[in-house]
Amino acid sequence: MTGLIGLALDGGRLAVTAAALALAVLVAAVALAVHDPTHRTASRRSDARLGALADRIGDADGLVVKSLLDLSRSRGGLWKPVVSAGILLAVVAGLLALVETIVAVRPAPGAFFGAVLALSAFTTYNWLTSVDALATYEILPVALPAVFRAKRRAFAIVGIPAALAAYAVALLAYPTTLADAALGVLWLVAASAYFFGVTVYLAGFDPNEFLFDPARFGAFGAAVALVVVPALLGSFLPAAGMVPGWAPLAAVGGALAVGAAGVLLAVRAGPRWAERARAA
């Protein structure tokens, strides 16, 4: 009888793993199907819409709209951040299934997905700068810190909503409590701001270039681990029944501190790289 129960439990775990992997493949397939790499010349109508957006968000110098226009005219357009978040979601879903199979414990989905999906901030910032360069602005009457500020606003417009959409799909596949879902949203937004701040502070306008710089990439990896590792470990506490009374308040406070650190780094990045450009 004990053997039959063990076989049934193993079969159940395998079924859960297979379902999670199937979900990951499905999400990746949908993301790739939606992604259209064909370049299309922007129409006057789209330019008019972006002009209206500039008026609504108070983009007097047009730098935010320029970033969005560059992104929309590049291959894949505005869908690229969504596709990146979708692929990351598929990877994380597969990782969750693997972890659950190994340790037989499911982490809290909100905290787990919220912390990891925030890593899409790096790829979104890469898309926002892929067809841009600081040298482009040096001949214009524009302060370089204002350019970085515009990238920050453009990221808030396209990056965070894309990550939140992927997070919503994750919660549909892995239902959780309202408290955990809310905590996951907080960590997603805060960690997105943090990863964006770290990226722009370390990489400037060349997020791909610094991947080949051992020192800066090492600093980036350490900064990511500093936030992701504690968040992932903390996501296992509810299932293990090890949640002290102060843990929820600590989780909220930690998320706010992480977000504040990211905003500070992003704000300091503009003057830092402007000074480097003047010294070059």
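In the predicted model, residues A121, F122 and Y125 of helix 6 are in contact with S192, F195, F196, T199 and V200 of helix 9, where contact means heavy atoms within 4.5 Å. By class, this contact comprises 6 nonpolar, 2 polar and no charged residues; Ala, Val, Leu, Ile, Met, Phe, Trp, Tyr, Cys and Pro count as nonpolar, Asp, Glu, Lys and Arg as charged, and the others, Gly among them, as polar.

Residues are numbered from 1 along each chain as its sequence is written. Local features need pLDDT of at least 70 and side-chain atom pairs pLDDT 80 or more, whereas totals for chains, interfaces and linings use all residues; side-chain values use heavy atoms, with hydrogens and water left out.

The protein chain has 12 helices and 0 strands, assigned as DSSP runs (helices H or I, at least four residues; strands E, at least two) and numbered from the N terminus. Of its 280 residues, 42% are buried, that is, under 20% relative accessible area with a 1.4 Å probe and protein chains only (exposed is over 50%, partly exposed in between). Among contacts with a separation of 6 or more, 81% join residues 24 or more positions apart.

Helix 3 (residues 63-73) has 8 of its 11 residues buried and is therefore largely enclosed by the rest of the structure. The buried positions are L63, V64, V65, S67, L68, L69, D70 and L71. In helix 4 (residues 80-103) lies S84, which is buried at a relative accessible area of 14%. S84 touches T123 and W127, residues up to four places away in sequence not being counted.

Aromatic pairs number 8, with ring centres of Phe, Tyr and Trp (its six-membered ring) within 6.5 Å; planes under 30 degrees apart are stacked, over 60 edge-to-face and the rest tilted. F113 and Y174 form a tilted pair, 5.4 Å centre to centre with 35 degrees between the planes. F113 lies in helix 5 (residues 109-117) and Y174 in the loop between helix 8 (144-173) and helix 9, so the pair ties together parts 61 residues apart in sequence. Both F113 and Y174 are buried, and F112, F113 and Y174 form one aromatic cluster.
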